[in-house]
Amino acid sequence: MPHLRKLSRSLRRAAKLMPDSPRRTANVLLGSPGEAAYVLLAPALGLLCGLVLLVLLATAIVTAIVQIGLVLLIGTLAAARATGALHRALLRGLLGEDIPAPPERQRPRGLRSALTDGDGWRAAAFTLAYTPVGLVLFAVWVMGRYLGLAALTYPLWWRAIEEDGQYGIGFGFGIEPHTWPQALVTAVVGAGVLAFTTWSTRGLLDRVVRPMAHALVGPGRLETRVQELQETRALAVEYSATTLRRIERDLHDGAQARLVAVAMALAGAKDQLARVPGDAPELARARELVESALDGSRTAIKELRELVRGIHPPALDDGLDVALETLVSGYDTPQVTLDVDLPERPPEAIETIAYFCAAELIANAAKHARATRADVAAHTKAGMLHLTVADDGHGGARLRAGGGTGLAGLAERVSTVDGRLLIDSPDGGPTTVTVELPLTSRT
């Protein structure tokens, strides 16, 4: 709503041009320009939207016995969402109340899913509930301003009106000022009426309109909590990936390099001992100890390298596509083909999960399914990374309870980022396993 924002900025700019003391007085008596604009605009739009929505709801309910009524009800919920967006724009542009919009609803699948649009129903409830509230707000503001301004300015014009031989007019309720002292008292009362009108208007806005808008046209408590949990989990996953990456670098550049240096020193010591003449028991024992230490260091280096590759394969430094090419090139049986289409590089955590899923699935095809061929494909579609591994093995792959290893372990790992593991493996084969991983920021 750019026009509302421009109007709000113009009103605030005009208010800032006033000196501080008169501005404070005007704010107490008349309220802020944004409040005045909101009270004049929002109730009228709210009444129009409320009546239209009420007619649509009534028509949809009456015709619900036929299919068109349900379709109309779905359209009514969409209209309610649009009305909620309009109210949020008015509150943001004129009152500075920033209410976040509910999350975008995914395309509903089926009639039942469309009719269970919680955000649409809450927006409809706000639209209908705001109609009487807006009318009360408008009536209080207009009547209070009319009577208050008339009374406040009464000393300026009361002598210009003469009725039944007396100057001035009657305000009703027995109030009939016809003298200067009475006119001045009327002006004081008018200032009080304006201040009371401003106070009551703000009270309605702060205690009724704003809380109701936050509750009904903003995100629901459950959605807010879910979003907070998703953000927290995303930070945890990202932190975990960063920590593992740092551990991998420390092991690769630190511990592994030191072990290699130790192994080289032991190899040098072995060569030196081999050149020493004699076959004394002490010398033979020293040669055996050095040989044993050298073998142990080589084994430790090998295990450390495997551990490092298990944390973060070095091939992933150049991207998932390069890592998958490196992975499939190491297999002769089964024969593995690769089809990769990744226009943009996925997040680091997603790349790691996808790589280890591919490695585990290819290993399963070779070890358990006894496949002779496996086809690996990775591509992105609609914000998702789809990794598919299909083999010609004997099938029968199942998710087994207990988790932690195998397909169950992959399913648990994929679920940490709201991914899915889909298995199609009839007895006798073939087997197709698809891993779906979201590429959104929540991961």
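How many of the 20 residues of H12 are buried? In this predicted model, 15 of those 20 residues are buried, so helix H12 is largely enclosed by the rest of the structure. This report begins with the whole chain and then returns to H12 and to other selected elements.

**The chain as a whole**

The protein has 443 residues, of which 36% count as buried. Its secondary structure consists of 13 helices and seven strands. When contacts with a separation of 6 or more are considered, 71% of them are accounted for by residues 24 or more positions apart. The protein exposes about 25400 Å², and carbon and sulfur atoms supply 61% of that area.

**Helix H12**

Apart from its neighbours within four places in sequence, Asn-364 is in contact with Ala-369 and Leu-407.

**Helix H6**

Helix H6 covers residues 118–152, which makes 35 residues.

**Helices H3 and H8**

Helix H3 runs over residues 33–62 and helix H8 over residues 180–216. Their axes come within 11 Å and cross at roughly 70°. Angles of 65 to 115 degrees count as roughly perpendicular, and H3 and H8 are therefore roughly perpendicular to each other. The contact is made by Glu-35, Tyr-38 and Val-39 on the side of H3, and by Thr-201, Arg-202, Leu-205 and Val-209 on the side of H8. In an α-helix there are 3.6 residues a turn, so residues three or four places apart point the same way.

Val-185 is also found in helix H8. Is Val-185 buried or exposed? Val-185 is exposed, with a relative accessible area of 52%. The C-alpha atoms of Val-185 and Tyr-154 are separated by 9.6 Å, although these residues are 31 residues apart along the chain.

**Backbone features in the loops**

Most residues other than glycine have a negative phi, and most peptide bonds are trans.

| Residue | Phi | Relative accessible area |
|---|---|---|
| Arg-370 | near 55° | 69%, exposed |
| Asp-418 | near 65° | 31%, partly exposed |

Arg-370 lies in the loop between helix H12 (348–367) and strand E4 (373–381). Asp-418 is found in the loop between helix H13 (406–415) and strand E6. Neither classification needs more than the cut-offs: exposed means over 50%, and partly exposed lies between that value and 20%.

Which residues does a cis peptide bond join? The cis bond joins Gly-429 and Pro-430, with an omega of about -5°. Pro-430 lies in the loop between strand E6 (420–424) and strand E7 (431–438).

Key: Residues numbered from 1 in each chain as written. Predicted model: local features only at pLDDT ≥ 70, side-chain atom pairs only at ≥ 80, totals over all residues. Heavy atoms only, no water. Helix = DSSP H or I, 4+ residues; strand = E, 2+ residues; numbered from the N terminus. Buried < 20%, exposed > 50% of the residue type's maximum accessible area, 1.4 Å probe, protein only. Contact = heavy atoms within 4.5 Å. Areas by Shrake-Rupley, 256 points an atom, 1.4 Å probe, with all protein chains shown as cover. Expected span 1.5 Å × (residues − 1). Axes fitted to C-alpha atoms, helices over the stretch in contact; angles between N-to-C directions. Parallel < 35°, antiparallel > 145°, perpendicular 65-115°, else oblique.
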